[in-house]
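Me: I have a structure open here and would like to go through it with you step by step. Could you help me read it?

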Amino acid sequence: MEPRVQYTRTADGVNIAFWTIGEGQPLVIMPSMPMSHIEFEWQIPEWRAFYERIAERRLVVRYDGRGTGLSDRRAIKYSLETLLMDLDAVVSRLNLERFALLAAYHPGPAALHYAARHPERLSHLLLWCTYAAAAEMSSPVVTATRSLIQQDWEVYAQTAAHVLLGWNATQPAQNFARFIREANTPDGVMALFDAAAEFDARDVLDQVKTPTLVMQRRGISWMDIELARNLAARIPDARLALLEGESIAPYWGDVDSVVNAILDFLGEGRAGPQRAATSLRTILFTDIEGHTAMMRSLGDERGRQMLRDHERITREALRAHGGSEIKTMGDGFLATFGSAQRALQCAVALQKAFHDYSRGPIKLRVRVGLNAGEPIAEGGELYGTAVIMASRCAAQAKGGEILATDVVRQLVSGRGFEFGDRGLFDLAGFEDPVRLYEVKWSPE
């Protein structure tokens with residue numbers, strides 16, 4: 001059912017359109033300026049499905065900013081403060097005393113200012129592909145695309161759609177191009193871009209006390225991944241989730257990873273160990289190859305830094321793919337997943353991240369083992385043969401390898417993973433030999 005569009009009025013008299021779906025704790029999603037259209041978004045199947053998945057756990061609040069979509073389109077001046085007025089109007093209309101806030105792209109600085117000013121209002125702050133100041137966001141591709149706005153609106157819409165979604169997106173790009181044309185006008189887009197050029201939240205980053213998640217996809221060619229890393233590093237205790245894919249649109253590509261990262265951060269997506277005994281779980285074990293010798297050669301200070309980096313990389317990958325950390329053993333992790341596909345995606349992301357890390361002075365090689373079954377949960381721990389098997393798989397792997405049991409291979413059949421048969425292994429604690437498969441992956 002299509003959500004019912006409602007209206008509220010800002011302090012300066014602008015009518016703002018919004019809708020809500022779902023139940024539970026509210027997640028307010030700011031408009032993705034300079035294009036926003038809450039009615040047309042719902043007509044795009046992938047976009048609608050993205051909202052519906054989050055609404056299974058949360059009350060989702062979505063609104064059009066002034067000058068866009070179904071909100072007032074008359075000549076309006078834009079600024080960081082007017083973005084905050086629009087947000088205030090919606091949350092006041094819904095009497096939201098406390099809520100989570102998601103900002104994507106250009107509204108990011110406004111969301112940061114809101115978090116700094118109103119820490120008592122925000123439970124969580126989620127930032128998707130954004131920046132602290134427009135001065136940090138520079139791309140020849142984006143500049144060239146914007147030059148088309150006044151020259152040829154149709155060509156701009158088509159080009160921007162492919163730049164934002166990825167050049168392999170065909171029908172979705174056509175839908176998005178139409179969305180751009182419906183969401184705003186050339187003059188309106190230029191006015192919003194001009195306003196965004198002045199957005200700057202660098203001086204309030206250290207004042208953000210709200211739990212914050214910074215998300216970005218690695219494969220966006222025109223958006224440097226360092227933008228996300230630097231933003232997360234400057235916000236106290238912020239988490240960073242680097243996801244796979246080339247689309248800046250969270251609803252296109254590997255949507256599972258995005259939804260899992262959001263819900264896990266909000267405390268809604270984590271499948272607790274209490275439920276593990278009654279449902280099929282995929283278990284991931286990791287172990288640093290040659291850990292003792294490495295610590296001895298690095299010394300205490302550098303060795304501890306390496307372990308901190310190892311823990312950070314692993315936890316980032318688990319958050320990004322919806323994994324639940326059960327425990328860390330210093331040189332390894334035990335985690336579980338409700339999906340074998342997400343577990344394998346996490347394992348590959350881990351090895352890629354450790355490969356990139358090892359281009360530096362420290363060579364960090366990690367073994368990964370995967371198994372699926374019904375582990376026993378007790379006192380926050382997981383037990384049983386399913387867990388032991390995953391541990392034994394990791395022990396048989398070499399640094400940089402991922403080994404999985406046949407049950408994992410069958411669970412992801414047809415999902416695009418490539419396996420190599422490593423043969424039968426005699427594993428301690430198991431009477432019969434066990435066939436293991438290597439999960440093929442590439443650093444690229």
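Me: Let's begin with charges. How many salt bridges does the structure hold?
Reply: This is a predicted model, and the structure in it holds 24 salt bridges.

Me: Ok, pick one. What does D256 form a salt bridge with?
Reply: D256 forms one with R53, and the closest N and O atoms of the two are 2.6 Å apart. D256 belongs to helix α10 (residues 255-265) while R53 belongs to helix α2 (residues 45-55), so this pair ties together parts that are 203 residues apart in sequence.

Me: And how accessible are those two, D256 and R53?
Reply: D256 is partly exposed, with a relative accessible area of 26%, and R53 is partly exposed as well, with a value of 28%.

Me: What about D287, which residue is its salt bridge partner?
Reply: That partner is R367, with the closest N and O atoms 2.2 Å apart. Since D287 lies in strand β9 and R367 in strand β12, the pair ties together parts that are 80 residues apart in sequence.

Me: Are D287 and R367 buried or exposed?
Reply: Both D287 and R367 are buried.

Me: Then D356 and R359, how far apart are their closest N and O atoms?
Reply: In the salt bridge between D356 and R359 that distance is 3.7 Å. D356 is partly exposed, with a relative accessible area of 34%, whereas R359 is exposed, with a relative accessible area of 58%.

Me: Which strands is β9 joined to by bridges?
Reply: Eight bridges join β9 to β12, and these two strands run antiparallel. In that pairing, F285 stands opposite G369 of β12. Four bridges join β9 to β11, again with the strands running antiparallel, and here the bridge partner of L284 is A335 in β11.

Me: So what is the order of the strands in the whole sheet?
Reply: The sheet is open and is formed by seven strands in the order β10-β11-β9-β12-β15-β17-β16, with mixed pairing. Its edge strands are β10 (324-328) and β16 (419-425), each of which pairs on one side only. On average, neighbouring strands of this sheet are turned by 25 degrees against each other, if direction is ignored.

Me: How many bridges join β15 to β17?
Reply: Three bridges join strand β15 (residues 402-405) to strand β17 (residues 434-439), and the two run antiparallel. T405 has L436 as its bridge partner in β17.

Me: Last one, which strands does helix α14 lie across?
Reply: Helix α14 (residues 385-396) lies across β9 (281-288), β11 (333-337), β12 (366-373), β15, β16 and β17, and it runs at about 150 degrees to β12.

Definitions and conventions. Residues numbered from 1 in each chain as written. Predicted model: local features only at pLDDT ≥ 70, side-chain atom pairs only at ≥ 80, totals over all residues. Heavy atoms only, no water. Pairing = 2+ DSSP bridges. Axes fitted to C-alpha atoms, helices over the stretch in contact; angles between N-to-C directions. Contact = heavy atoms within 4.5 Å. Salt bridge = Lys/Arg side-chain N within 4 Å of Asp/Glu carboxyl O. Buried < 20%, exposed > 50% of the residue type's maximum accessible area, 1.4 Å probe, protein only.
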